[in-house]
Amino acid sequence: MPPCYSVNSHPVETILSWVKAGEIAIPEIQRPFVWDATNVRDLLDSLFQGYPVGYLIAWRNPSVRLRDGSLSEGKKVLIDGQQRVTALMAAVLGYQVLTKDYRLTRIRIAFNPLSRKFEVLNPAIEKDVTWIPDISEAMKNAANPFTVFKAYCALNPTVDQEQVMQSITDLLAIRNNLIGFVELAHDLDIETVTDIFIRINSKGVVLNQSDFAMSKIAASESHGGPMLRKAIDYFCHMAVAPEFYGQIAERDPEFAATDWFKKMTWLKDENDDLYDPSYTDMLRVACIAAFERGKLSDLVSLLSGRNFETRQYEDEIAAESFVRLGEGIKDFIKETHFQRFLMIIRSAGFIAPGLIRSQNALNFAYALYLKLRRDKYDPAVIERTVRRWFVLSLLTARYSGSFESQFDSDIKRAKEGDFSEFLAQTEQAVLSESFWSFGLVQELEKASTNSPYLNLFWAAQVKLEDRGFLSRDITVGQLIAHQGDIHHIFPREYLKKHGMKQGAYNQIANFVFTQSEINIRIGNKAPKAYFVEALAQCADGPLKLGGIDDRAELENNLIQNCIPGASLDLEQGDYAEFLKARRELMAQKIKAYYNTL
């Protein structure tokens with residue numbers, strides 16, 4: 001097969017001129033720069049020494065057919081090398097960059113013509129006249145190195161002028177150093193481009209399709225892409241750091257004057273971390289809800305103007321797609337939508353982010369919520385449908401593996417008819433009696449505190465308002481909210497003394513939530529020993545393990561925590577049978593919980 005790329009070398013100055021002219025789309029210039037200043041210094045030193053600094057890889061956006069029939073040639077989108085190019089623009093051209101906390105800053109790299117060394121500018125270097133404090137100032141005179149030489153020698157009259165002139169000439173020549181440039185063919189699809197990137201850069205940061213989408217959005221000025229890209233980025237950052245609101249208002253007045261900013265203002269007083277979406281999450285939800293498609297590659301194609309029937313690219317389709325994406329993002333960030341969705345998730349017992357181990361399930365649930373709202377379903381139906389679908393997704397690991405294909409399939413079913421009917425059909429297909437009696441029980445036969453099935457059990461206890469193990473008043477929900485203890489019913493040290501390994505004593509069925517003081521009092525005792533104390537306090541004995549002082553209340557607490565009735569008299573030899581019995585009780589509780597949703 002013929003190669004699907006071309007390889008050339010271009011001077012640093014040429015590449016930077018392309019970026020300034022908009023021929024290469026570098027959205028990351030407007031997004032946080034993750035390199036340290038020392039990385040920038042090292043890049044400059046490598047170029048100065050004539051060392052290779054790797055290839056830049058670009059993919060030309062497909063050419064778009066305009067209304068008049070002419071073609072608008074697409075920009076090159078830099079898919080590998082953004083940090084290097086941004087570093088060069090910061091150090092060589094003197095551009096400001098955004099730090100990880102979205103603060104604009106200058107990275108000043110100093111150069112010493114005598115030692116021929118680069119350093120990040122600091123107060124000591126700034127006072128030392130043997131250093132050129134900011135090479136970007138020198139680079140402005142790249143065409144006339146004598147000007148830089150003269151200024152330097154005026155401050156350092158005793159230096160070896162020939163040496164200094166050579167060093168300054170070599171410094172300014174960095175702009176002429178060649179960098180390898182790989183340009184991928186414009187007719188490659190997004191999946192192929194992603195695969196190429198991963199193969200070339202398998203040890204680097206894996207490129208994903210949301211990066212392509214963000215690149216496409218940021219580069220599409222005619223469709224309002226830069227502001228849309230900022231809306232996505234800023235919302236995600238504010239969701240994690242509400243105080244960022246003030247920084248936007250101060251440092252980006254242009255964006256602060258937009259309707260986008262007004263729509264996300266509510267986040268400044270929001271400290272909820274149940275759902276802190278990334279830009280990938282936002283794009284996935286918008287793609288599903290607004291376009292009824294599950295694959296981000298389709299979103300990139302639509303934003304590029306692809307006509308899926310003719311396989312050509314049309315500006316009209318691109319313009320319409322940007323409008324739809326904008327509407328989808330507005331729906332996502334609307335306070336009432338976001339808060340009501342989280343209320344539904346909480347009503348299913350998922351009150352803490354640690355209980356949700358599938359961001360994909362959460363994303364699809366939000367997309368489903370937005371779609372059902374748009375389709376004008378009854379609010380009560382939306383609430384029940386979204387809640388049950390979310391839990392069903394977790395129960396069956398629906399969105400693991402090839403989740404985009406599953407997204408695509410599920411949203412198409414939602415498009416075809418009543419999603420409530422599809423939910424009922426799916427429940428009949430995947431939540432059979434054998435699932436509850438055997439499949440789920442097997443999933444509980446594992447050693448992990450992070451199991452999604454253990455988290456489902458905790459959520460069930462929260463929803464059903466169960467009390468913590470041996471607690472009279474404190475609920476499991478309160479323990480989770482206030483970081484209560486996860487206790488081993490058969491204490492870990494007790495089992496270790498009997499030769500059991502981690503995989504045995506950390507079985508899911510050996511865990512309960514309890515109060516710290518109860519956990520401490522139990523210590524390393526066998527269940528038989530500490531249940532004697534619990535029974536004694538129910539017979540007017542002193543309170544040693546929590547506040548339960550009634551036998552019926554104790555038995556009810558054990559039922560709530562799925563503790564088999566025979567556990568009151570158990571020792572190490574009974575551990576295996578105990579686990580088996582408790583798994584079955586836990587599975588039945590999760591089933592009862594699901595039926596309440």
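Predicted model: local features only at pLDDT ≥ 70, side-chain atom pairs only at ≥ 80, totals over all residues.
1. Residues are numbered from 1 along each chain as its sequence is written, and side-chain values use heavy atoms, with hydrogens and water left out.

2. The buried residues in α17 are His 337, Phe 338, Phe 341, Leu 342, Ile 344 and Ile 345. Seen down the helix axis, the buried residues of α17 fall within an arc of 155° and so line one face of the helix, the arc being that of the directions from the helix axis to the C-beta atoms. An α-helix has 3.6 residues a turn, so residues three or four places apart point the same way.

3. Helix α17 (residues 335-347) has 13 residues and reaches 18 Å from its first C-alpha to its last, close to the 18 Å expected at 1.5 Å a residue, where the expected span is 1.5 Å times one less than the number of residues. Gly 349, whose phi is positive, near 100°, follows α17.

4. Phe 341 is, together with Phe 350, Phe 390, Val 391 and Leu 395, among the residues that touch the most other members of the largest nonpolar core, which has 140 residues; such a core is a set of buried Ala, Val, Leu, Ile, Met, Phe, Trp, Tyr and Cys residues joined through side-chain atoms within 4.5 Å. Leaving aside neighbours within four places in sequence, Phe 341 is in contact (heavy atoms within 4.5 Å) with Tyr 275, Leu 362, Ala 365, Tyr 366, Tyr 369 and Val 386.

5. The structure holds 41 aromatic pairs, a pair being rings of Phe, Tyr and Trp (its six-membered ring) with centres within 6.5 Å, counted as stacked with planes under 30 degrees apart, edge-to-face over 60 and tilted for the rest. The rings of Trp 436 and Tyr 594 have centres 6.1 Å apart and planes at 45°, so this pair is tilted. Because Trp 436 lies in helix α22 (residues 433-443) and Tyr 594 in helix α30 (residues 575-596), the pair ties together parts that are 158 residues apart in sequence.

Terms used:
Buried < 20%, exposed > 50% of the residue type's maximum accessible area, 1.4 Å probe, protein only. Helix = DSSP H or I, 4+ residues; strand = E, 2+ residues; numbered from the N terminus.
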